[in-house]
Amino acid sequence: MNLLLHNSNLIWRFKMNCRHYHSKDYAEIVDLFYTTVHTINVADYSREELEAWAPSDKSDFCMEKQLAESYCLVVEESGKILGFANATSRDTFDCLYVDKDYQKRGVGHLLADKIEQYCKEQGAEIINVDVSLTALSFFEQRGYVILNQQVVVRRNQYLNNYKMQLKL
């Protein structure tokens with residue numbers, strides 16, 4: 001997909017490829033996940049919360065099986081993974097992460113479009129997602145509504161996030 005985006009006087013032009021996740025992507029995805037959480041989410045979460053969410057010991061990132069067994073997509077450009085997202089069931093949008101250097105360039109919207117399309121094709125009438133404080137406005141702009149605020153416990157830290165839903 002060729003994408004031309006305008007932001008002020010800058011023009012970004014890049015060719016993005018959206019494809020299914022492969023196990024060989026895992027190490028790069030772990031790095032993208034860790035770096036994104038620790039840079040993009042820093043405005044909304046404490047250092048301790050970020051470490052609980054995405055630990056420095058990357059061997060503790062335990063999503064490999066979940067990514068392999070779910071409907072998982074990656075967006076790449078010139079072999080570099082720019083983002084990834086997955087659905088763990090026909091009505092559950094599990095996660096979406098975009099490389100810190102490619103925020104607000106259409107990567108997240110491309111992934112969300114594909115995950116939502118997949119859920120719809122699977123017969124879902126609604127899509128549920130747990131959303132960080134940082135990602136709240138992104139999902140609201142896509143039509144998701146807050147069902148409730150919740151607290152998730154990760155490594156003895158309490159992280160606030162939102163349960164959201166999109167009616168298809």
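In helix α1 of this predicted model, the buried residues are Tyr26, Ile29, Val30, Leu32, Phe33, Thr36 and Val37. Seen down the helix axis, the buried residues of α1 fall within an arc of 165°, so they line one face of the helix. That face has several partners: the buried residues pack against helices α2 (47–53) and α3 (64–69) as well as strands β4 (71–77), β5 (80–89) and β6 (92–98). The helix itself spans residues 26–40, 15 residues in total, and its first and last C-alpha atoms lie 20 Å apart, close to the 21 Å expected at 1.5 Å a residue.

The discussion now turns to charged side chains. The structure holds 9 salt bridges. One of them joins arginine 19 to aspartate 25, with 2.8 Å between the closest N and O atoms. Arginine 19 counts as buried because its relative accessible area is 15%, under the 20% limit. Aspartate 25 is likewise buried, with a relative accessible area of 3%. Salt bridges that share partners join Arg19 and Asp25 with Lys24 and Glu76 into one network.

A further salt bridge is formed by the side chains of aspartate 99 and lysine 80, at 3.3 Å from N to O. This pair links distant parts of the chain, as aspartate 99 belongs to the loop between β6 and α4 while lysine 80 belongs to strand β5, 19 residues apart. Aspartate 99 is buried at 10% relative accessibility, whereas lysine 80 is partly exposed at 33%.

Arginine 142 and glutamate 116 also meet through their side chains in a salt bridge, at 2.8 Å from N to O. Here too the pair links distant parts of the chain: arginine 142 lies in the loop between α5 (136–141) and β8 (145–154), and glutamate 116 lies in helix α4, 26 residues apart. Arginine 142 is buried, with a relative accessible area of 16%, and glutamate 116 is buried at 12%.

The loop between β6 and α4 (107–121) also contains glycine 106. This glycine is partly exposed, with a relative accessible area of 22%. Glycine 106 and methionine 16 are 90 residues apart in sequence, yet their C-alpha atoms are 9.6 Å apart in space.

On the surface, Val151, Val153 and Tyr158 form a nonpolar patch with about 320 Å² of accessible area together. Tyrosine 158 is located in strand β9 (residues 157–167). At 55% relative accessibility, tyrosine 158 counts as exposed, because the threshold for that class is over 50%.

Key
Residues are numbered from 1 along each chain as its sequence is written. This is a predicted model: local features need pLDDT of at least 70, side-chain atom pairs count only at pLDDT 80 or more; totals for chains, interfaces and linings use all residues. Side-chain values use heavy atoms; hydrogens and water are left out. Patches are made of residues with over 30% relative accessible area and no salt bridge: like charges are joined within 9 Å, nonpolar side chains (Val, Leu, Ile, Met, Phe, Trp, Tyr) within 5 Å. Accessible areas come from the Shrake-Rupley method with a 1.4 Å probe; for residues, only the protein chains shown count as cover. A salt bridge is a side-chain nitrogen of Lys or Arg within 4 Å of a carboxyl oxygen of Asp or Glu. Helices (H or I, at least four residues) and strands (E, at least two) are DSSP runs, numbered from the N terminus. Buried means under 20% relative accessible area, exposed over 50%, partly exposed in between (1.4 Å probe, protein chains only). The expected span of a helix is 1.5 Å times one less than its number of residues. The arc is that of the directions from the helix axis to the C-beta atoms. Contact means heavy atoms within 4.5 Å.
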